[in-house]
Structures are given as structure tokens and as C-alpha cells.
Amino acid sequence: MTMHRNDATKQFHSGDDRIAELIDESPAVDLPTPDTDVPMVSRSVRLPLETYERVRAAADARGIGVTTLMRQWIEAGLADLDDSATVSLADVRRALASLAHPTAA
């Protein structure tokens, strides 16, 4: 059974049981699995197109989604504000190695 949106809305508001039948007959849909167990809040952010394209390219280069990268950057910025920044051990080793072997200027 197919139903147009307006008809479905009218039947829903009138308490018609056919809307339940339509839902029962619909095929199951696989929904994406969230990438975290932490409750999330969705916010809209307006970005200039060029900025968004740069963010998307950076996310693609890392093999992650745009929103995941944006969330990482926001979390890193907030950690920097309260001096609780987390850095990778590889970054620390590179920084220490550059101090041990400075390049001539």
C-alpha cells in the first residue's frame, strides 16, 4: 500500500489504523551506527564554501568524516584553553628530537 504524505498526515491525526499497517508493511531500514556511546548534540555551523572544502579535504586525507574532524579540532581547542591538551607520543618525540638536533639557521 502506498500513501501520499497529505493522506498519511490526515489518517495519523484522525487515528486511522491504516497508517500503522503501512508502517508494519514497510521494509526494515539499516540506520548508521553512531561512532560514539556518548550522547551527542547536533548544531548547525555556517562556513564559507572555501573553508568547508578545506575541512572536507583535510577529513578525506585522514580517512574520517567532516564532523568527526571538526569535533576533534573543537575538543583540541578546548583542551588548549584549560591546559589539558592531549598530544600524541609521536608528536612529543618529534618535538624533542628537533630540540636535540637543531638545524642551522
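Colleague: Which residues form the negative surface patch?

Modeller: A patch gathers residues with over 30% relative accessible area and no salt bridge, like charges being joined within 9 Å and nonpolar side chains (Val, Leu, Ile, Met, Phe, Trp, Tyr) within 5 Å. A salt bridge is a side-chain nitrogen of Lys or Arg within 4 Å of a carboxyl oxygen of Asp or Glu. Asp and Glu count as negative, Lys and Arg as positive, while His and the chain ends are not counted; the charge is placed at NZ of Lys, CZ of Arg, CG of Asp or CD of Glu. Here the negative patch consists of Asp17, Glu21, Asp24 and Glu25.

Please note that this is a predicted model, in which local features need pLDDT of at least 70 and side-chain atom pairs count only at pLDDT 80 or more, whereas totals for chains, interfaces and linings use all residues. Residues are numbered from 1 along each chain as its sequence is written, and side-chain values use heavy atoms, with hydrogens and water left out.

Colleague: Where does Asp17 lie, and is Asp17 buried or exposed?

Modeller: Buried means under 20% relative accessible area, exposed over 50%, and partly exposed in between (1.4 Å probe, protein chains only). Asp17 has 57% relative accessibility and therefore counts as exposed. Its place is the loop between helix H1 (5-14) and helix H2 (18-25).

Colleague: How many helices and strands does the protein chain have?

Modeller: Both are DSSP runs numbered from the N terminus: helices (H or I) have at least four residues, strands (E) at least two. The protein chain has five helices and zero strands.

Colleague: Which residues make the nonpolar surface patch?

Modeller: Accessible areas come from the Shrake-Rupley method with a 1.4 Å probe, and for residues only the protein chains shown count as cover. Val87, Leu89, Val92, Leu96 and Leu99 make a nonpolar patch of about 490 Å². Leu99 belongs to helix H5 (residues 89-100) and is exposed, because its relative accessible area is 66%.

Colleague: Which residues make up the largest nonpolar core?

Modeller: A nonpolar core is a set of buried Ala, Val, Leu, Ile, Met, Phe, Trp, Tyr and Cys residues joined through side-chain atoms within 4.5 Å. The largest one comprises five residues: Val55, Ala58, Ala59, Val66 and Leu69. Helix H3 (49-62) and helix H4 (66-81) are the elements that give two or more residues to this core, and H3 gives the most, with three. Of the 105 residues of the protein chain, 10% count as buried.

Colleague: Is Met70 buried or partly exposed?

Modeller: Met70, in helix H4, counts as partly exposed because its relative accessibility is 21%. The C-alpha atoms of Met70 and Val55 are separated by 7.8 Å, and these residues are 15 residues apart along the chain.
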